[in-house]
Each structure stands twice: as structure tokens, then as C-alpha cells.
Amino acid sequence: LISLFLGFFGPIILKVVPPAALLVPIAGIGFAFLGIEQVSYSIAAPIVGYSAIMWVFLGWYSGVRLGFGNYRIPEALQVILVGVILGWITGLNAPETTQEAAKLVKWWGPVWTAGDMFREFHLVK
């Protein structure tokens with residue numbers, strides 16, 4: 001009902017406002033949704049999630065560097081290690097789910113299928 005009523009004002013608004021300017025708020029809502037969706041996984045487990053987010057802010061935004069001598073550990077690796085270690089310490093990660101996930105990790109490389117491709121070639125007329 002609201003769309004039907006406000007639809008009459010669409011042509012008037014388009015005469016005043018460029019169409020690209022009307023798309024910017026929609027894009028902003030989409031980007032906000034994508035960001036909030038990713039952060040919601042971290043908020044679900046606060047000890048692990050907030051620590052990992054804090055590590056992101058320290059490493060990427062405040063310039064805190066961690067390393068030994070001239071070698072610097074990449075910030076992404078630091079965040080992954082903090083999250084994984086805290087996940088195991090708090091019991092968020094279970095050995096059973098890790099073993100099930102490890103079964104999915106295997107070689108999914110390309111397979112040459114030229115034989116399959118030409119197998120039924122004699123049927124082409």
C-alpha cells in the first residue's frame with residue numbers, strides 16, 4: 001500500500017535527484033549487511049571473537065608489530081592463531097567437528113576429460 005502511494009512521487013523525485021544518487025543508500029545498506037554478518041559470528045563467541053577483532057584493530061589499524069628481530073609475523077596469521085588457540089582453549093572447537101572438516105580437505109584439482117568429451121562424438125550429425 002505504501003509502495004503504491006509513494007509510486008506516484010517517483011517521476012517527480014527522478015527529475016530532481018540523479019538515479020545514481022538513489023542507488024548509493026542501497027549499496028551502503030548492502031555493505032553494512034555484509035560487514036555485520038561477518039562480525040555476528042565473532043559476537044556469538046565473545047571471548048574468541050572479541051579477542052580476534054581486537055587483534056585485527058591492533059595489527060592493522062594501530063600499527064602494533066609483532067615479530068622477532070627483522071622478521072615480522074603477518075597480521076592475518078596473528079589473528080588466525082589467536083582465534084584458533086582461544087577456540088581450542090575455550091572448548092569452542094571440538095575434535096569431532098575438526099575431524100569431519102578434515103575429511104573435506106583433499107585434492108580438487110582439474111581432471112582431463114577429453115575422453116568423456118569425445119566419447120559420444122559419433123552421435124553428432
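Predicted model: local features only at pLDDT ≥ 70, side-chain atom pairs only at ≥ 80, totals over all residues.

Started with Glu75: buried or exposed? Glu75 comes out at a relative accessible area of 11%, and the cut-off for buried is under 20%, so I put Glu75 down as buried.

Next I checked where Glu75 sits, and found it in helix H5, which covers residues 75-90. Which residues touch Glu75, once I skip its neighbours within four places in sequence? I get Gly59, Trp60 and Arg65.

Gly28 has 37% relative accessibility. Buried stops under 20% and exposed begins over 50%, so Gly28 goes into my list as partly exposed. I also took a distance from Gly28 to Lys15: the two are 13 residues apart along the chain, and their C-alpha atoms are separated by 23 Å.

H3 runs over residues 19-44 and H4 over residues 46-61. Their axes come within 5 Å and cross at roughly 130 degrees. Angles from 65 to 115 would count as roughly perpendicular and those over 145 as roughly antiparallel; H3 and H4 are therefore oblique to each other.

Who makes that contact? On the H3 side I noted Val39, Ser42, Ile43 and Ala44, and on the H4 side Pro46, Gly49, Tyr50 and Ile53. I sorted the residues of this H3 and H4 contact by type and got 6 nonpolar, 2 polar and no charged.

Last entry, the whole chain. How many helices and strands does the protein chain have? I count 7 helices and 2 strands. Going along the sequence, the order reads α-α-α-α-β-β-α-α-α.

Then I looked at the overall spread. The radius of gyration is 26 Å, while the globule rule gives 14 Å for 125 residues; 26 Å is well over that, so the protein chain is more spread out than a compact globule. The C-alpha trace spans about 65 × 65 × 35 Å along its principal axes.

A few totals to finish. Buried residues are 13% of the 125 in the protein chain, and Glu75 is one of the buried ones. The chain exposes about 10,900 Å², with carbon and sulfur atoms supplying 75% of that area. For contacts between residues at least 6 apart in sequence, I noted that 35% join residues at least 24 apart.

Terms used: Residues numbered from 1 in each chain as written. Heavy atoms only, no water. Axes fitted to C-alpha atoms, helices over the stretch in contact; angles between N-to-C directions. Helix = DSSP H or I, 4+ residues; strand = E, 2+ residues; numbered from the N terminus. Parallel < 35°, antiparallel > 145°, perpendicular 65-115°, else oblique. Contact = heavy atoms within 4.5 Å. Nonpolar A, V, L, I, M, F, W, Y, C, P; charged D, E, K, R; others polar. Buried < 20%, exposed > 50% of the residue type's maximum accessible area, 1.4 Å probe, protein only. Rg over C-alpha atoms; globule rule 2.2 N^0.38 Å. Areas by Shrake-Rupley, 256 points an atom, 1.4 Å probe, with all protein chains shown as cover.
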